[in-house]
Amino acid sequence: MDHVDHSSSQHHAQVCRINDLPYDVFYLILIMCWDDAKNDYRREGPHFPTTASHVCRLWRQYAVNAPLFWAKLTFQSKIPRLEKCKEWLIRLRGAPFDVRIGGEPFTSASIKHAKSIMQLVMSHISRLRSFQVRDVPKKILRLIFDRLSDANAPLLQTLQVDMWQINQHSFFSGQKQWEPRPFHRGEVPNLQKIQLDTMHSGYSLDRFGETLSTFMITRRMPPVPSHEHIKIVREALLQAPKLRVFGYDAVGQGHYNPANQERQAFQKPLLPPITHSSLEEFYIQWKREDTDVILCSLRLPRVRYIADDRGVEPVLGLCCLQVIGLGTFPSLISLHLGGSRNPDRGPPYTRDPLNSPNLAHLRHALQGVPELRALTFHQVDFEDKQFLLECLGTAGCCPKLEWLTLWQSVGYTMQELREVVEARQQLKGVYPRVQITTGDGLIHTDSSQGDVEARGWLEQAGCLRIARLVGEHHGNYLYFVEGVSDNVFGWDT
């Protein structure tokens with residue numbers, strides 16, 4: 001019993017009360033507890049730093065002295081909380097801050113509220129770090145950007161403007177669309193990111209293109225021909241040479257449909273190639289045949305990601321293989337190829353005459369993506385010609401490949417997959433253990449004995465997974481391994 005009491009006494013002696021913690025440690029604890037910071041913009045609940053500052057005198061001192069807690073000024077209530085924001089600006093003690101303006105303050109007394117908000121923002125414009133405005137009436141947006149026209153914002157890094165509500169009304173009423181021209185005569189030397197929703201990109205590119213590292217465009221209306229979308233993308237890349245991240249989302253135009261024979265050949269003439277040497281992430285969402293055309297007109301030596309609006313690799317037609325073989329995307333880490341074998345059409349299945357000529361370029365294409373970690377084939381017919389072994393079982397093809405996914409594809413065998421794995425295990429400088437995933441229904445009861453044994457060998461080696469691929473992220477390397485967002489065009493919070 002004495003031993004227990006002694007241990008208990010030692011334990012209590014080692015416990016440190018939270019108020020006795022050094023400030024740096026206590027500050028880190030508060031930061032880690034603030035796990036709902038991103039939700040503070042979207043809810044009316046208590047603001048965590050405010051709650052922490054009400055616990056006791058010491059906690060209040062620590063919270064008030066942490067500028068990070070007070071750096072996000074949000075105007076999304078019917079009556080703007082101007083006094084609260086003024087107090088937060090004092091607590092910032094000269095640190096940069098972010099502003100988000102929503103439509104709620106402008107349902108009544110809108111001009112008065114807009115003037116008050118902008119008067120507060122403009123009085124501290126030299127410390128503004130990010131500015132976001134969305135879902136506000138047209139007259140309010142005019143007032144906001146009139147105030148910003150001559151402003152200098154030396155610390156501004158991010159500008160986000162959503163004109164969906166405004167231009168939706170203009171489109172249906174036939175009115176001419178008005179476009180803001182922020183910082184038209186002012187200076188924003190550190191502006192790095194612009195995100196536009198239903199707003200023309202010409203002014204932003206002309207004014208800020210030389211310095212941008214991130215440019216995201218969402219286009220909802222009016223509908224425009226495919227060549228207009230292609231023109232916007234190419235001009236953006238030409239006018240913004242320092243871009244690292246670029247996204248173009250033509251809303252409602254082109255999530256992937258089952259592959260069809262049109263994917264085997266380009267439906268539009270290929271464009272003259274352009275090179276962008278700094279782009280690393282490219283997000284694109286529109287008609288798949290147009291995606292093929294635009295990607296095959298680009299030379300992107302540093303691009304690691306090509307994904308759609310949900311962070312999923314776009315399905316490129318086999319017609320792209322010859323262009324990929326030119327080394328257009330040497331840094332690409334994930335590639336999704338789609339063929340013309342559509343299981344929904346039912347028998348009899350007619351093999352496309354362009355299928356085999358396109359697959360003849362597969363090996364050369366895979367040699368052009370030496371950094372590839374994940375390779376997916378969707379509705380591809382390999383025609384029992386051992387294209388997989390010929391490409392992936394030889395030196396120089398995807399030495400870093402980790403994931404191989406075969407979804408609704410035919411014309412290969414378990415024996416061929418086993419030979420691919422065995423061949424890669426013998427090659428020097430090649431990642432030896434590829435994780436292979438196939439969709440269910442592809443292992444038939446009438447499979448040969450060799451196929452049955454090969455499947456058992458692959459499963460015992462931990463290289464094979466039979467799975468029903470449901471949803472875009474099932475087996476998506478970018479999402480699960482690289483952590484690419486499933487809401488690429490979502491707004492900062």
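Charged pairs, confidence and burial

Me: Which residue's side chain meets that of D308 in a salt bridge?
Reply: A salt bridge here requires a side-chain nitrogen of Lys or Arg within 4 Å of a carboxyl oxygen of Asp or Glu, and the pair containing D308 has an N to O distance of 3.8 Å. D308 is buried, at a relative accessible area of 1%, where buried means under 20%, exposed over 50% and partly exposed in between, with a 1.4 Å probe and protein chains only. The partner is partly exposed at 23%, and this partner is R310.

Me: What pLDDT do local features need in this predicted model?
Reply: Residues are numbered from 1 along each chain as its sequence is written, and side-chain values use heavy atoms, with hydrogens and water left out. Because the model is predicted, side-chain atom pairs count only at pLDDT 80 or more (pLDDT being the predictor's confidence in each residue, from 0 to 100), totals for chains, interfaces and linings use all residues, and local features need a pLDDT of at least 70.

Me: Which element of the chain has the highest mean pLDDT?
Reply: Over the chain the mean pLDDT is 81, with 80% of the residues reaching 70 or more. Helices (H or I, at least four residues) and strands (E, at least two) are DSSP runs numbered from the N terminus, and the chain has 18 helices and 17 strands. Among these elements the lowest mean, 50, belongs to helix α1 (residues 2-14), whereas the highest, 96, belongs to helix α14 (residues 362-367).

Me: How many contacts does the model have for residues 441-445 beyond four places in sequence?
Reply: Contact means heavy atoms within 4.5 Å, and a separate stretch with pLDDT below 50, residues 255-262, has 24 contacts beyond near neighbours in sequence. Over residues 441-445 the pLDDT likewise stays under 50. For residues 441-445, the number of contacts beyond four places in sequence is seven.

Me: Which strand holds R134, the salt-bridge partner of D162?
Reply: The closest N and O atoms of D162 and R134 are 3.3 Å apart, and both residues are buried. D162 lies in strand β4 (residues 158-162), so the pair ties together parts that are 28 residues apart in sequence, R134 being in strand β3 (residues 128-134).

Me: By about how many helical turns are E459 and R455 separated?
Reply: E459 and R455 form a salt bridge whose closest N and O atoms are 3.2 Å apart. Both ends are partly exposed, E459 with a relative accessible area of 39% and R455 with 26%. The two are four residues apart in helix α17 (residues 449-460), which means that their separation is about one helical turn.

Me: How many salt bridges does a search of the whole structure find?
Reply: Side chains of opposite charge can pair when their charged atoms come close. In this chain K72, D98 and R129 are linked in a network of such bridges. For the whole structure, the search gives a total of 16.

Me: How many disulfides does a search of the whole structure find?
Reply: A disulfide is a pair of cysteine sulfur atoms within 2.5 Å. The cysteine sulfur nearest to that of C319 belongs to C320, at 4.3 Å, while for C398 the nearest is that of C397, at 6.0 Å. C319 is buried at 8% relative accessible area and C398 is buried at 0%. The number of disulfides found is zero.

Me: What is the accessible area of the nonpolar patch of Y479, F480 and V481 together?
Reply: Patches are made of residues with over 30% relative accessible area and no salt bridge, with like charges joined within 9 Å and nonpolar side chains (Val, Leu, Ile, Met, Phe, Trp, Tyr) within 5 Å. F480 is in helix α18 (residues 477-480). By the Shrake-Rupley method with a 1.4 Å probe, only the protein chains shown counting as cover for residues, the area of the three residues together is about 280 Å².

Me: Is H113 buried or exposed?
Reply: H113 is placed in helix α6 (residues 110-122). Beyond four places in sequence, its contacts are K78, I79, P80, P105, F106 and S108. Its relative accessibility is 13%, so H113 counts as buried.
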